Amino acid sequence: STSPSTSPSTSPSTSPSTSKSTSHSALPTPLRHLPTPRRMRCLRWAEFLGMLAAAAAGLAVAAALVTSAAAPFRPTTTLASAMRPACGGGHFPSRHGAVGQKRPNVAADRQGRRAVLTAAPLSILGAWSNTMGVKADELRPQKQRNLPIGKIRDVVEKDFIDRKCLVSGDLSPEIYSDDCIFTDPQMTCKGFKKFASGTKALFYEPKSELELLEPVSIVGDNQIVAKFREVACFNIPFRPRTFFTGNLTLTLGEDNLIERYVEQWDLSIPEILRTAKI
């Protein structure tokens, strides 16, 4: 009668104590005095926070690389400074930079970083193009000189309908002169690449809208006119949107490349700012 009562009491008391002591000693000192469920929760949280820290570090490195390789133009206009003209001062945000403000020479400051970031891709591209028997210059869009004005009109209309060109900066480079002069009610900019990169940086294209009010038309022998309605969402904090209509006049040069771009709006700059919505 005594043997059944002693055997169950001895076996459970020894085995859990030995396993608990070994697992307890393997833990770091701050966790040894915690109960087992709380200890496991702490370990899981530590692992989760470590994964978050690694992901944040990766995103920070990627953002730094993208920022360093970005175009020299990047708008620094805030919503407060954008609304100053309606209150009697300040400047309207421009796709070419703020009016009356001297743009810093950020390209020189980034020359070293951008050279490092672009050296490897350019060397790979050069090696690939030489292997394939293609020069790097041939990979760029070729200028479509001496096109009939009707075909140029069709390309411009497609840029409006398919690309939302005025708010995306996605213009067809093959029909524009590299030294084209771009003018709007804010200021004048010379150079196709400068205008396109500035427009892409200034507007937030997914929430911007562009609509033709009538088909693109031809005026005279060398001008193309488009009337449009635009909802411009600025790529600044809170992403305010402005609403206005206007017209665009494109003038062709001797080789039938667009050499002058003139954008006019039906509202003044203060009136456009008063339409802003968040």
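Reader: Where does leucine 52 lie?

Author: Leucine 52 lies in helix H2, which covers residues 36-69. The model is a predicted one.

Reader: Which residues make the nonpolar surface patch?

Author: Trp45, Phe48, Leu49 and Leu52 make a nonpolar surface patch of about 440 Å².

Reader: As the model is predicted, what pLDDT does the chain average?

Author: The average pLDDT of the chain is 73, and 55% of the residues score at least 70. Confidence is highest in strand E7, at 98, and lowest in helix H3 (residues 79-82), where the mean is 43.

Reader: Where does pLDDT stay under 50?

Author: Residues 68-91 stay under 50, and for them the model has 51 contacts beyond four places in sequence. The pLDDT is also below 50 over residues 98-102, a stretch with 3 contacts in the model beyond near neighbours in sequence.

Reader: Changing topic: how many salt bridges does the structure hold?

Author: The structure holds 10 salt bridges. One of them joins lysine 143 to aspartate 178, with 3.0 Å between the closest N and O atoms. This pair links distant parts of the chain, as lysine 143 is in the loop between helix H5 (111-132) and helix H6 (149-163), while aspartate 178 is in strand E1, 35 residues apart.

Reader: And why does lysine 143 count as partly exposed?

Author: Lysine 143 has a relative accessible area of 22%, so it is partly exposed; the cut-off for buried is under 20%.

Reader: What about arginine 153 and glutamate 157, are they buried or exposed?

Author: Both arginine 153 and glutamate 157 are buried. Their side chains meet in a salt bridge at 3.1 Å, N to O. The two residues lie in helix H6, 4 residues apart, which is about one turn of the helix.

Reader: Which residue forms a salt bridge with arginine 163?

Author: Arginine 163 pairs with aspartate 170, the closest N and O atoms being 3.8 Å apart. Arginine 163 is partly exposed, with a relative accessible area of 31%, and aspartate 170 also counts as partly exposed, at 33%.

Reader: Which residues are linked in a network of salt bridges?

Author: That network of salt bridges links Glu209, Glu211, Arg229 and Arg241.

Reader: Now the inside. How many residues has the largest nonpolar core?

Author: The largest nonpolar core has 36 residues, and Phe160, Tyr176, Ile258 and Tyr261 have the most contacts inside it. Elements giving two or more residues to this core include H6, H7, E1, H8 and E7.

Reader: What does tyrosine 176 touch?

Author: Leaving aside residues up to four places away in sequence, tyrosine 176 touches Lys143, Leu171, Phe182, Phe192, Leu250, Leu257, Ile258 and Tyr261.

Reader: Phe192 is in helix H8, I see. What do the buried residues of H8 pack against?

Author: The buried residues of H8 pack against helix H7 (165-168), E1, E2, strand E5 (223-233) and strand E7 (258-265). Among these buried residues are Phe192, Phe195 and Leu202.

Reader: Last one: where is glutamine 186 found?

Author: Glutamine 186 is found in the loop between strand E1 (176-183) and strand E2 (188-190). Its relative accessibility is 11%, so glutamine 186 counts as buried. Glutamine 186 is 77 residues from glutamate 263 in sequence, and their C-alpha atoms are 9.8 Å apart in space.

Conventions. Residues are numbered from 1 along each chain as its sequence is written. This is a predicted model: local features need pLDDT of at least 70, side-chain atom pairs count only at pLDDT 80 or more; totals for chains, interfaces and linings use all residues. Side-chain values use heavy atoms; hydrogens and water are left out. Buried means under 20% relative accessible area, exposed over 50%, partly exposed in between (1.4 Å probe, protein chains only). Contact means heavy atoms within 4.5 Å. pLDDT is the predictor's confidence in each residue, from 0 to 100. A salt bridge is a side-chain nitrogen of Lys or Arg within 4 Å of a carboxyl oxygen of Asp or Glu. A nonpolar core is a set of buried Ala, Val, Leu, Ile, Met, Phe, Trp, Tyr and Cys residues joined through side-chain atoms within 4.5 Å. Patches are made of residues with over 30% relative accessible area and no salt bridge: like charges are joined within 9 Å, nonpolar side chains (Val, Leu, Ile, Met, Phe, Trp, Tyr) within 5 Å. Accessible areas come from the Shrake-Rupley method with a 1.4 Å probe; for residues, only the protein chains shown count as cover.
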